[in-house]
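Dear colleague,

Please find the structure below, and keep it open beside this message while you read my notes.

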Amino acid sequence: MSASAIFVLDLKGKVLICRNYKGDVDMSEIDHFMPLLMQHEEEGLLCPIMSHGNVHFMWIKHSNLYLVATTNKNSNASLVYAFLYKLVEVFTEYFKELEEESIQDNFVVVYELLDELMDFGFPQTTDSKILQEYITQEGAKLEVAKSKVPTTVTNAVSWRSEGIKYKKNEVFIDVIESINVLVNANGSVMSSDIVGSIKLKTMLSGMPELRLGLNDRVLFGLTGRDKGKTVMMEDVKFHQCVRLSRFESDRTISFIPPDGESELMSYRINTHVKPLIWIESVIEKFSHSRVEIMVKAKGQFKKQSVANNVEVRVPVPSDADSPKFKTSTGNAKYVPEKNLVVWTIKSFPGGKEFLMRAHFGLPSVENEEAESKPPITVKFEIPYFTVSGIQVRYMKIIEKSGYQALPWVRYITQSGGILVVCWTLVLPSRK
C-alpha cells in the first residue's frame, strides 16, 4: 500500500494544496501534523514518520515547504519517500524553483500533475519528460490535438517517445563520484565511503538498445577474468529502463535510454578513502582580546589532476569581529551569519600545499573555557578522476537503421560530506 493523501504545506502548517487519493483518512487529520512536528522538535525526537492515533504522517521539507503523505495502513515507507522526492524533482523541472510562490502561481498545473503522478495511492507516470508532453503550463490554450495522451504512457517503453531524430547521434556519459570522509582530531579517518552515479545525455534517433560495460568485480568473477583493477559496487539502483533480469543473470547493463538527460544508475562503494585534500589547523587564543587561526590544506591526489572550486569552511567563535586574512593562494571571507570563514581556491593542483591565516577580535570573551568546535568542511570537484577506479569499458549502441553513434565518457570526483574535526592544537595565551 502507498499514500492515502498528499499535502503541500507552508512553514506555518497552512495547506497550500492537497489531493485525496483513497478517502480512507479524514483530510482534517493534517491539522495535527504541525503540532506534532513542533512537539518532536522541542523534545529533540524529530523523526521522518509521526503518528496521531492510527494515522501516520510521512514528510520531507524542501525550501519553505513541507510535503506530507498520510496513511492509516502499513504502507511501504521507502516507496512513499521515493515518491515525495520524485514530486520535488518533477515540480522543480516544471517551475524551476519549488517554493510556496510557485505552488500558488501554478495550482492548476500542480493538481493535474498530482492526478497523473499517482492513482488510488499508487505511483504512475513519474517521468517529467513524458508528463510535459501532455501537461503544459499554457492552461488557457486548449488544443484538441494536444489532449490526446501520448503513446509513451501506454507503451512498454513508457520513458521514451517514438520517432525521435537527430542529425548527429551521440551519447554523453558522466561518471560522478562523491566521497564522504570523517576525520577526527588525531588525523585518523573514522568513516568513509563513495557514492557514485552514472548520468546520461542521450541524443540518439529511433529506439536504440544500449549495452554498458563496467569493470565490475562480480562480472569479472563470473567470466573468470578477474584481472586488473575491478570495483565492488553495493546498493546499486537503476533507472526503470534497465533490464534487471539481464543484469541479475550476467551483470550486463542493457537498456533503451530515455531521450535527453537521465540518471542511469547509482551505487555505493564501502571502502577506506583518505581525504583528497588534507586539512590541518591551529587556533591560538589571546585572552580577552583576539584569536588567530591557521589552516593548512594539502592536495593528496595525483599531481596531474587539479581540484576546481575548492571551498574550505572554517568555523569561528560567534562573537568574533574585525576579521583580517592572509592567504598563500585564493581568497578568504568572513560569513558572520554562519560564523564561518570561507576560503576559496579556484584551482588546486595535486601535491600542492597552501596556507590561510585569519585574525579576529573577541570583544566579549571573559573566560578561557574550552568550547565545542564544529568540524571544518571541504568542498571541491576533480575532473577526469575517480577515487574508486571505476571505468566504462565499453558502450555498444544497437539500432535497426544501423547508424553510427559516438559515445563520450567523462569522470568527475566531488566532495560529499567531508568533515574534518582537525583542531589539532589549542594554545591559550596571556599576551
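In helix α4 (residues 107-117), the buried residues are Val109, Val110, Leu113, Leu114 and Leu117, where buried means under 20% relative accessible area, exposed over 50%, and partly exposed in between, for a 1.4 Å probe and protein chains only. These residues lie on the same side of α4 because they cover an arc of only 140° around the axis, the arc being that of the directions from the helix axis to the C-beta atoms. Helices here are DSSP runs of H or I with at least four residues, and strands are runs of E with at least two, numbered from the N terminus.

Please note that this is a predicted model, in which local features need pLDDT of at least 70 and side-chain atom pairs count only at pLDDT 80 or more, while totals for chains, interfaces and linings use all residues. Residues are numbered from 1 along each chain as its sequence is written, and side-chain values use heavy atoms, with hydrogens and water left out.

The structure also holds 15 salt bridges, each being a side-chain nitrogen of Lys or Arg within 4 Å of a carboxyl oxygen of Asp or Glu. In one of them, Asp216 pairs with Arg251, with the closest N and O atoms 2.8 Å apart; Asp216 lies in the loop between β10 and α6 (217-223) and Arg251 in the loop between α7 (244-250) and β12 (253-255), so the pair ties together parts that are 35 residues apart in sequence. Asp216 is buried at 3% relative accessibility, and Arg251 is buried as well, with a relative accessible area of 18%.

Best wishes
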